[in-house]
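Please take the sequence and the structure together, and read the paragraphs below with both in view.

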Amino acid sequence: MSITDQTDHRPADDHGHPHVHQHEPHAHDHGHGGHSHKHHSGFKGWLFELFVPHTHDSSDSIDDALEASKEGVRALKVSLVILLATTALQVIVVAISGSVALLADTIHNFSDALTAVPLWIAFILGRRVATKRYTYGYGRAEDLAGLFIVVVIALSAVIAAWQSIERLVNPQPLENLWWVLAAGVIGFAGNEIVAVHRIRVGQRIGSAALVADGVHARTDGFTSLAVVFGAVGVMLGFPLADPIIGLLISVAIIVLLIGTLKSIGCRLMDGIEPELVDRAEVALAGTPGVLTVDSVQLRWVGHRLQGTATIAVADAVLSTVAETIHSAEHRLGHVLPKLDDMVINAVTVSAREKGAGLEPSAHNHH
């Protein structure tokens with residue numbers, strides 16, 4: 001006869017919060033635990049590090065859900081201020097130089113700065129508690145905002161390419177080249193500062209959308225850099241340098257955008273990094289009382305992890321099984337610090353043969 005118990009066996013703390021971890025005398029591996037990434041060498045590797053950065057970094061992470069959301073919003077506020085200041089400086093240079101191309105780049109940077117707004121809204125939505133309609137909460141809004149950002153990046157690259165082709169077909173002389181060059185440097189510097197900040201924070205909190213927004217800023221920066229190279233080319237007597245370089249950068253952005261699209265698409269399809277599953281399986285298998293690990297499922301919801309697992313245990317009284325689950329939860333909390341919810345279903349060997357479950361337990365790691 002199988003036994004099913006939906007009761008949460010974890011003790012509450014003084015504030016009513018469930019399950020405060022007490023360190024047990026077993027060893028944990030706080031390293032990467034098999035965590036690995038595919039590395040590219042040479043110039044290709046450099047490009048991938050620029051435009052397809054990893055979305056999580058376990059060595060330097062923010063693990064509290066609320067603090068991670070606040071950190072993401074702070075990053076967006078800072079970057080938005082920097083980009084608006086950059087745009088304001090470019091507007092001044094446009095007024096001095098009268099460059100139509102630079103005006104287009106300035107308008108482009110301003111409109112792209114506003115892509116931080118939907119991601120900002122998504123972070124705020126992600127803090128809302130789950131409802132009967134949205135039982136998993138609103139964390140997925142962050143991934144949808146990331147998809148929107150990817151679309152904007154692609155659209156920006158297409159528009160830049162169109163403008164470059166137009167200038168190849170109908171060349172336009174550039175005037176006040178030193179001012180144009182200065183404005184391009186300002187645009188590149190502002191966007192790159194924002195890119196570095198967004199990507200670093202996105203990696204720390206595990207947000208693929210914020211990393212994508214950082215990549216977006218970086219692509220905008222390289223578009224501004226194309227203005228610089230074009231101005232230098234014109235100074236050296238090659239007037240078509242501006243549209244040619246702009247076209248090359250647009251093509252590079254489209255090609256490298258595939259990596260960011262894969263990252264966001266993977267999360268929308270509940271894809272997970274295999275090394276995270278490996279970490280969970282090793283932690284569960286190493287828990288005293290666990291005979292085998294039958295299954296582990298994980299998924300990202302925004303910048304937090306959720307999942308389920310089924311473990312096999314020896315026939316024992318309910319309290320013993322509950323203690324085994326408690327130890328398993330403790331180990332999972334160490335190897336997966338961004339884990340919010342984990343439902344662990346324990347079955348005995350005899351119950352598994354009959355297809356019955358024993359002791360489902362919900363793990364809430366805050």
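What follows treats a pair of strands and then the packing of some helices.

This is a predicted model, in which local features need pLDDT of at least 70 and side-chain atom pairs count only at pLDDT 80 or more, while totals for chains, interfaces and linings use all residues. Residues are numbered from 1 along each chain as its sequence is written, and side-chain values use heavy atoms, with hydrogens and water left out.

Strand β2 (residues 304-313) and strand β3 run parallel and are joined by nine bridges, and Ile311 has Ala346 in β3 as its bridge partner. Between β2 and β3 the chain passes through helix α10 (residues 318-335), in a β-α-β crossover that is right-handed (clockwise from the first strand over the helix to the second, with the strands pointing away from the viewer). Strand β3 (residues 339-348) is mostly covered, with seven of its ten residues buried, that is, under 20% relative accessible area with a 1.4 Å probe and protein chains only.

Turning to the helices, the axes of α5 (residues 140-169) and α7 (residues 208-235) come within 8 Å and cross at roughly 15 degrees, and α5 and α7 are therefore roughly parallel to each other (angles under 35 degrees; over 145 counts as roughly antiparallel). Residues in contact (heavy atoms within 4.5 Å) include Gly146 and Ile153 in α5 and Ala212 and His216 in α7.

Helix α4 (residues 116-126) also approaches α7, their axes coming within 11 Å and crossing at roughly 165 degrees, so that α4 and α7 are roughly antiparallel to each other. Here Ala116, Leu119 and Phe123 of α4 make the contact with Ala209, Leu210 and Asp213 of α7.

Definitions and conventions:
Buried < 20%, exposed > 50% of the residue type's maximum accessible area, 1.4 Å probe, protein only. Helix = DSSP H or I, 4+ residues; strand = E, 2+ residues; numbered from the N terminus. Pairing = 2+ DSSP bridges. Axes fitted to C-alpha atoms, helices over the stretch in contact; angles between N-to-C directions. Parallel < 35°, antiparallel > 145°, perpendicular 65-115°, else oblique.
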